Amino acid sequence: MKGLFITIEGPDGSGKSTITKLLTKYLQEKGHNILVTREPGGTRISEEIRDMILDNKNTRMSPVTEALLYAASRAQHVSQKILPALEKGKIIICERFVDSSLVYQGIGRNLGINKIKEINDFATQNLEPDITLFFDIPPELAINRRRHRRRKDRLERESIKFHKEVYKGYLKLTEMYPDRIKIIDAKQDLDNTFNQVKTLVDELLLK
Ligand code: TMP
């Protein structure tokens with residue numbers, strides 16, 4: 001039996017983590033076997049790479065190094081955790097995946113979507129999510145939501161201009177992959193946001 005691979009995407013502060021927790025509980029209560037994970041991270045090696053990427057000391061990291069480290073972290077995550085779980089028929093809920101690299105490194109860091117797609121196809125053995133939920137929230141609102149966070153990582157400290165480019169990048173991806181990427185209106189309150197997610201996931205499970 002082949003499992004299901006769900007990814008959650010959107011700007012920092014769009015509510016991804018909160019909804020992931022709610023969705024996990026919802027699906028577990030329905031009797032599904034769930035694996036929750038995140039990127040960059042998900043395995044010990046991938047989490048170590050995460051620490052290196054997000055470390056505020058690493059101000060000299062070049063965009064290409066950054067893109068390759070995200071891809072390296074992902075390669076380990078896919079081979080060690082995601083593919084084996086899919087083989088076992090689990091539902092995987094993963095916060096961020098290749099789309100994050102396409103927009104943050106491809107567009108935010110100006111490396112180009114095609115180049116980033118190429119290195120990530122290699123890293124993921126061409127694995128693609130069954131569905132991607134894009135949490136759509138304008139960058140200004142997302143920044144406002146995360147202003148209470150005590151410690152910001154290297155990417156979160158980027159300028160508002162960078163985060164606006166990332167947001168535009170996400171919108172472009174929704175046009176490039178309309179069948180896979182579904183838009184969630186994350187400006188709404190938690191209940192309404194979660195209801196949109198439930199509807200889409202329920203539909204997918206019926207297929
Ligand atoms: P997180 O805070 O959502 O865990 O993600 C850490 C940061 O890494 C976040 O600002 C988005 C960024 N990121 C990329 O730039 N490229 C990627 O491929 C991924 C997965 C995350």
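This is a predicted model: local features need pLDDT of at least 70, side-chain atom pairs count only at pLDDT 80 or more; totals for chains, interfaces and linings use all residues.
**Close-up 1. Five strands make up an open sheet.** Reading across the sheet, the order goes E2-E3-E1-E4-E5, and the pairing is parallel. At the edges you'll find strand E2 (34-38) and strand E5 (181-185), each of which pairs on one side only. Going from one strand to the next, the twist averages 20 degrees.

**Close-up 2. Tyr-104 and Phe-162 form a tilted aromatic pair.** A search through the whole structure turns up four aromatic pairs, and this is one of them. The ring centres sit 6.1 Å apart with the planes at 55 degrees, so the pair counts as tilted. Tyr-104 belongs to helix H4 (residues 98-108) and Phe-162 to helix H7 (residues 160-176), so the pair ties together parts that are 58 residues apart in sequence.

**Close-up 3. Phe-134 and Tyr-170 form a stacked aromatic pair.** Here the rings are 4.9 Å apart, centre to centre, with 25 degrees between the planes. Planes under 30 degrees apart count as stacked, so that's the label this pair gets. Phe-134 comes from strand E4 (residues 131-136) and Tyr-170 from helix H7, so to speak linking distant parts of the chain, 36 residues apart. As for burial, Phe-134 comes in at 1% relative accessibility and counts as buried. Tyr-170, at 2% relative accessibility, also counts as buried.

**Close-up 4. Arg-74 lies over the face of Phe-97.** Which ring does Arg-74 lie over, and at what distance from the ring centre? The ring is that of Phe-97, and the distance to its centre is 5.6 Å.

**Close-up 5. Arg-180 lies over the face of Tyr-177.** In this view the arginine is Arg-180 and the ring belongs to Tyr-177, with 4.8 Å to the ring centre.

How values were computed: Residues are numbered from 1 along each chain as its sequence is written. Side-chain values use heavy atoms; hydrogens and water are left out. Two strands pair if DSSP finds at least two bridges between them. Helices (H or I, at least four residues) and strands (E, at least two) are DSSP runs, numbered from the N terminus. Axes are lines fitted to C-alpha atoms, for helices over the stretch in contact, and angles run from 0 to 180 degrees between N-to-C directions. Rings of Phe, Tyr and Trp (its six-membered ring) pair if their centres lie within 6.5 Å; planes under 30 degrees apart count as stacked, over 60 as edge-to-face and the rest as tilted. Buried means under 20% relative accessible area, exposed over 50%, partly exposed in between (1.4 Å probe, protein chains only). A charge sits over a ring if NZ of Lys or CZ of Arg is within 6 Å of the ring centre and within 35 degrees of the ring normal.
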